[in-house]
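Work through the exercises below with the model open. Each task is followed by a stepwise solution.

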Amino acid sequence: FYKILGAEPHFLGDGIRRAFEARIAKPPQYGYSTEALVGRRQMLQLAHDTLTNQSSRTEYDRSLSEDTLTMDVAWDKVPGVLCVLQEAGEAQLVLATGEQLLQDRPPKRFKQDVVLAMALAYVDLSRDAMAASPPDVIHCCEVLERALKLLQEDGASNLAPDLLSQIDETLEEITPRCVLELLALPIDEKKRQEGLQGARNILWSVGRGGIATVGGGFSREAFMNEAFLRMTSAEQMDFFSKTPNSIPPEWFEIYSVALANIAQAIASKRPQFIMMADDLFEQLQKFNIEMDLALERALCSLLVGDISNCRMWLGIDNESWPYRDPKIIEFVVNNSLPGLCKLLESWLVFPRSRDTRGMQFRLGDYYDDPKVLSYLERMESHLAAAAAIAKLGAVTSSALQAFSNVFPAALKIISAGALFALFAVIGLKCLPPRMDAKLAEDIVRKWQSIKSKALGPEHSAVVLQEVLDGNMLKVWTDRATEIARHGWFWEYTLSDVTIDSVTVSVDGRRATVEATIEEVGPKNNDSKYTTRYEMGGWRITEGA
């Protein structure tokens, strides 16, 4: 009685009356029947009368404390009781009672009242789920879907169209986040399959268009990026292959799946996936003729041992090649072979697939595999190149022997110049280390340290280039020069750095980092501010 009135056991009579009047003044906003509303009013009245009469309240409190309180409810008053119990927050009791009542196939009007009370109880549970720390988005979606199903299947939707609309809108808003949380579950968890199906439902329903709204503030591209981060490379490939032909792929999707093919080729030792990746890169170049994919296509050629094609894509022998980079040629001339194999391996980082994220790939493991050797046996000219790679120490001696047995002249075919070019280029343009919160914090802390040297008494502006690039380097070099010219300096101590968010571009080469920085200046003056940094090559290029 206390609970359904919204009162507390210590309330005096006036407090009970005020709680009762507040409940009566705020009837349910959804479509209960007249009978249910009358039952609700009678139940609230009974609670009021019991608790405002001293003798009946004393007896009630005694029974409550001894846990001997029971109450018979007339059948036609049951919907009203469920209504007040739902308002009192007894969601689980309403649902358990309602499920039993529905099994008895009650009359239509009675059933609709029960269904409405149960739907509202599910909504209460969804709010509790979102109020948890962290929010339980999966459970929130589940209970809202049950509420929606109840209202639609049991004929109560016309009684509460506003409620139905609110549930629909909420589901549209949180379903993308729910799908992402399902995809983040352990690979072998059965429930995760719902996430894979949910991703298909979302991405295949909004169709083409990177700016199309998915829900929850996601564009189609942003949601696909987040979903792919939680999929394995094989799942990304499967998703792509099963996408209906009526939904033409976007460039970012093709690029991501091409990388998934390379990751899967290295992880499963199946070079045929490399050829599929190269086909996708070729599609991309047709999609956007200005897109520079020379490094990617050269890498694909390398992984099937096709050195001549790799040289062609990098423009080693063609000065008019549109993708030729003079810095690469200079690097080839000035550097020797040691360590270049490791630089190549550093390119083989695939942070966009959950099964390959953090894995260290070794070319030796790849070329030493019988399936890879078997594939290369059918491409003898490519086998020779792979054998030359082996000569640099990228594979085991047993693999090298296997290469020699299949193609004895292999070790004599590839010139040193070709190998210089091949490995130097791959090493020069390899992806930087995978950006994460730890690396972002290290860079920000390094920037703060270098800034204190450039703007402090040392006036050491030259060190700015160690951590800055582009417009950021120009702005701060000018600023440091101006401060030094006036003989000013700025002293402060960095107290703390908190990385608030890290967003990495599709190709892994750029990142946006948001951070909160705390400093202590002269005379212990504290300063705390939030900043956004744009990074590339893991130097800061812009700041705001």
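**Exercise 1. Cysteines**

Classify Cys300 and Cys83 as buried or exposed, and state how many disulfides the search finds.

Solution. Start with Cys300. Its relative accessible area is 2%, so Cys300 is buried (buried means under 20% relative accessible area, exposed over 50%, partly exposed in between; 1.4 Å probe, protein chains only). Next, Cys83: relative accessibility is 1%, so Cys83 is buried. Now the bonds. A disulfide is a covalent bond between the sulfur atoms of two cysteines. The criterion here is a pair of cysteine sulfur atoms within 2.5 Å. Searching the whole structure gives zero disulfides.

This is a predicted model, in which local features need pLDDT of at least 70 and side-chain atom pairs count only at pLDDT 80 or more, while totals for chains, interfaces and linings use all residues. Residues are numbered from 1 along each chain as its sequence is written, and side-chain values use heavy atoms, with hydrogens and water left out.

**Exercise 2. Aromatic pairs**

Find the geometry of the pair Trp251 and Phe252, then that of Trp313 and Trp321.

Solution. The whole structure holds 11 aromatic pairs (rings of Phe, Tyr and Trp, the latter by its six-membered ring, pair if their centres lie within 6.5 Å; planes under 30 degrees apart count as stacked, over 60 as edge-to-face and the rest as tilted). For Trp251 and Phe252, the ring centres are 6.1 Å apart and the planes meet at 80°, so the pair is edge-to-face. Trp251 is partly exposed, at 34% relative accessibility. Phe252 is buried, at 1%. Trp313 and Trp321 also pair edge-to-face, at 5.8 Å centre to centre and 80° between the planes. Trp313 is buried at 9%, and Trp321 is buried at 19%. Elsewhere, ring pairs join Phe1, Tyr2 and Tyr60 into a cluster.

**Exercise 3. A charge over a ring**

Which residue lies over the face of Trp476?

Solution. Apply the test: NZ of Lys or CZ of Arg must be within 6 Å of the ring centre and within 35 degrees of the ring normal. Arg479 lies over the Trp476 face, 4.1 Å from the ring centre.
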